[in-house]
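Let's take a walk through this structure, one piece at a time. Have the sequence and the 3D view ready.

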Amino acid sequence: MRIRDIRATTVTVPLEAPLRHANGCHWGRFVRTIVEVETDNGIVGLGEMGGGGESAEAVFRAMKQYLAGHDPARLEEMRFLIANPTASLYNNRTQILAALEFACLDILGQAWGVPVCEILGGRLRDRVRFAAYSFFRYPHPSTGAGEVRTIDQVVEHICSLKRRFGFTTIKVKAGVFHPDYELEVYRAVAAAFPDDSLRFDPNAVWSTEQAIRFGQAIEGLRNDYLEDPVFGLNGMRRTREKVRVPLATNTVVVNFEQLAANALDTAVDVILLDTTFWGGIRACVKAAAVCETFQLGVAVHSSGELGIQLATMLHLGAVIPNLSFAADAHYHHLTDDIIEGGLMRYEAGSIRVPDGPGLGVKLDREKLREYSELYQRLGGYPYDQDPGRPGWTAIVPNDRWADPSDDRPVSVPY
């Protein structure tokens, strides 16, 4: 087999409500680039990358000059061909490489008649557990429903997620309001769900001193970990020295050089592996093996996936032995998907690893067209801006907090 063509299509898929985070907001939808790699014998492999638009699509078109005629099984050579680490200072193509690796693994699985997880060493589990990923949310721009702002709304929303999907792990995404208010929220969640494990993520916008205060205040709760309370390995290390809660990251250990630095002088206890940020599923499997060697925890990170990337997360979760935590996924906030059959189903807080060849998912061409047209109508959105606070910019460490009593409606294109 040889690669013959590479195609990229930008889509935007609606969410139940806009998701607020420390650096801005998901404005009621996700924008993703869907990648198709076709071989000379007609097999089409699927990939996915966050963001999109003309620039992203042009990058994937440009990859044809590197990969036309390339054997999709030669993945290590492809890594150096398009994302040589010594050139990353000038041209970092890590996320592009990831989408292409997804597609090539999908091709190989289809050609060989096996799921991707069997190519990667064989599945250790048939299902992957997920956490209830709870956000502060603005109301839906059309219906006005779905707001999550007050403590009661947070608890009610998590109750709904548990009823619908069966989660037994709860993640609170924060960094939006003052840490004192968010501490009240987290304590209320812990009190409402005493049998569930918990994790908290303020997206690295606190000072080290604030992180220590917060971390010490939650030491008695049933924490999986405190995720990215501060930015930087040294800030995490200072926090870890004074807080008896495991620290996790998806921001300061996202490549092998940083992983080595963390192993030599530990700042982070749990590494959140992202199949996009690390450059593919195979890179995450390698990183998980390093973590196993140094007895670091491992979890699976979410970067706002549709069904193709979710499939990569499931195949990753199937094969790494040291996946000791429930995975994260934004997936349950989506209203639809671009894969055949629609949204994958949660059962008892977990999703089954696909059994079909390759990634085990297929494009729904009608949905791809529908959400491509929606993107063309709406365009992108500024992830790092908040529609409810015009002119606001996050700083690190942040002191520009949103007001939890502010219930003014926001205008979001939809």
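This is a predicted model: local features need pLDDT of at least 70, side-chain atom pairs count only at pLDDT 80 or more; totals for chains, interfaces and linings use all residues.

**A sheet and its helices**

Start with β1 and strand β4 (residues 29–39), which run antiparallel and are joined by 11 bridges. Strands and helices here are DSSP runs numbered from the N terminus, with at least two residues (E) for a strand and at least four (H or I) for a helix.

Residues are numbered from 1 along each chain as its sequence is written, and side-chain values use heavy atoms, with hydrogens and water left out.

Back to the strands. Strands of a sheet pair through backbone hydrogen bonds, either parallel or antiparallel. In this open sheet there are three strands, in the order β1-β4-β5, and the pairing is antiparallel; two strands count as paired if DSSP finds at least two bridges between them. At the edges sit β1 (3–14) and β5 (44–50), each pairing on one side only. Ignoring direction, neighbouring strands of this sheet are turned by 25° against each other on average.

Now for the helices that go with these strands. Helix α12 (residues 307–319) lies across β4 and β5, running at about 95° to β5. Helix α13 (residues 365–378) packs on the sheet too, touching β1 and β4, and its direction makes about 65° with that of β1. Contact means heavy atoms within 4.5 Å, and axes are lines fitted to C-alpha atoms (for helices, over the stretch in contact), with angles running from 0 to 180 degrees between N-to-C directions.

**Two helix pairs**

Two packed helices are described by the angle between their axes and the distance between the axes. Take helix α3 (residues 75–83) and helix α4 (residues 94–112): their axes come within 11 Å and cross at roughly 155°. That makes α3 roughly antiparallel to α4; the cut-offs are under 35 degrees for roughly parallel, over 145 for roughly antiparallel, 65 to 115 for roughly perpendicular, and oblique for the rest. On the α3 side the contact is made by Leu75, Met78, Arg79, Ile82 and Ala83, and on the α4 side by Leu97, Leu100, Glu101, Cys104, Leu105 and Leu108.

How do α7 (residues 179–192) and α8 (residues 208–217) cross? Their axes come within 11 Å, at roughly 20°. That makes α7 roughly parallel to α8. Here Pro179, Glu182, Leu183 and Arg187 in α7 meet Gln210, Phe214 and Ala217 in α8.

Most residues other than glycine have a negative phi, and most peptide bonds are trans. In the loop between β10 (197–201) and α8 you'll find Asn203, which has a positive phi of about 60° although it is not a glycine. Gln295, in the loop between α11 (281–294) and β14 (297–300), also has a positive phi, near 60°. Which of these is buried, and which exposed? Asn203 is buried, with a relative accessible area of 17%, whereas Gln295 is exposed at 70%. Buried means under 20% relative accessible area, exposed over 50%, and partly exposed in between (1.4 Å probe, protein chains only).

Finally, look in the segment after α13 for Pro397: the peptide bond from Val396 to Pro397 is cis, with omega near -5°.
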